[in-house]
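Biologist: Please put the model on screen. I would like to go through its helices with you.

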Amino acid sequence: MSGLVLATPAEEAELEQLTKIEQELELQREWVEYRLKRDSAVCYQKFWVNYCLRDVRADYRKELDPIRAQEVAVREAQRILRESLKNQDDIKRAADRAAPEKAAERAANQREYEEKQKDAAARAADLEQRRKDAPKRAQENKAGTQLD
């Protein structure tokens, strides 16, 4: 367990902060898309529709490109943090599985399982024997309960 590195609260807080940043960027993206739709609708009321739409789309790209770049950076940082947290969790689980007390517990569970299997097999054999002896017992009971 000396090589075990646990997830720090700072990493989890950083991941939470990145999630908040991602939500803010999503809100900014929604506003940019709203303005695109609004301005596009206005263009259809003008005579030079295609010229107007080209300008609106150019403005949309100018606003969206920095947002998209930030989103890519945030998602990459999130991916790296999540991978790190997952790896740390995997290492912790592996260390827990390798612990001597867990190994002893698994061995005890295995013995208990085998004992239950033997008991179940013995009960099944006993039941089968009783079924085979059932006609004989029935005959004996009939013979023993005759009334005079």
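Biologist: What should I know about the model before we start?
Modeller: This is a predicted model: local features need pLDDT of at least 70, side-chain atom pairs count only at pLDDT 80 or more, and totals for chains, interfaces and linings use all residues. Residues are numbered from 1 along each chain as its sequence is written, and side-chain values use heavy atoms, with hydrogens and water left out.

Biologist: Are H1 and H2 roughly parallel or roughly antiparallel to each other?
Modeller: Helices here are DSSP runs of H or I with at least four residues, numbered from the N terminus. Axes are lines fitted to C-alpha atoms over the stretch in contact, and angles run from 0 to 180 degrees between N-to-C directions. H1 (residues 9-43) and H2 (residues 49-98) pack at about 165°, with axes 9 Å apart. Angles over 145 degrees count as roughly antiparallel, so H1 and H2 are roughly antiparallel.

Biologist: Is the crossing of H1 and H2 left-handed or right-handed?
Modeller: The test is how the near helix is turned from the far one, by less than a right angle: anticlockwise is left-handed, clockwise right-handed. The crossing of H1 and H2 is left-handed.

Biologist: How many charged residues does the contact of H1 with H2 have?
Modeller: Asp, Glu, Lys and Arg count as charged; Ala, Val, Leu, Ile, Met, Phe, Trp, Tyr, Cys and Pro are nonpolar, and the others, Gly among them, polar. The contact of H1 with H2 has 18 nonpolar and seven polar residues, and its charged residues number 15.

Biologist: At which residue does H2 bend?
Modeller: A bend is the angle between axes fitted to the seven residues ending at a residue and the seven starting there. In H2 this angle is about 30°, and Pro66 follows within four residues of the bend, which is at Leu64.

Biologist: Which residue marks the bend in H3?
Modeller: H3 covers residues 100-144. The bend is about 50°, with Pro135 following within four residues; its site is Asp133.

Biologist: Is Leu81 buried or exposed?
Modeller: Leu81 sits in helix H2. Buried means under 20% relative accessible area, exposed over 50%, and partly exposed in between (1.4 Å probe, protein chains only). Leu81 has 9%, so Leu81 is buried.

Biologist: How is Tyr44 classed, buried or exposed?
Modeller: Tyr44 lies in the loop between H1 and H2. Its relative accessibility is 56%, so Tyr44 counts as exposed.

Biologist: What separates the C-alpha atoms of Gln28 and Glu63?
Modeller: Gln28 is in helix H1. Gln28 and Glu63 are 35 residues apart along the chain, and their C-alpha separation is 9.4 Å.

Methods:
Helix = DSSP H or I, 4+ residues; strand = E, 2+ residues; numbered from the N terminus. Parallel < 35°, antiparallel > 145°, perpendicular 65-115°, else oblique. Expected span 1.5 Å × (residues − 1).
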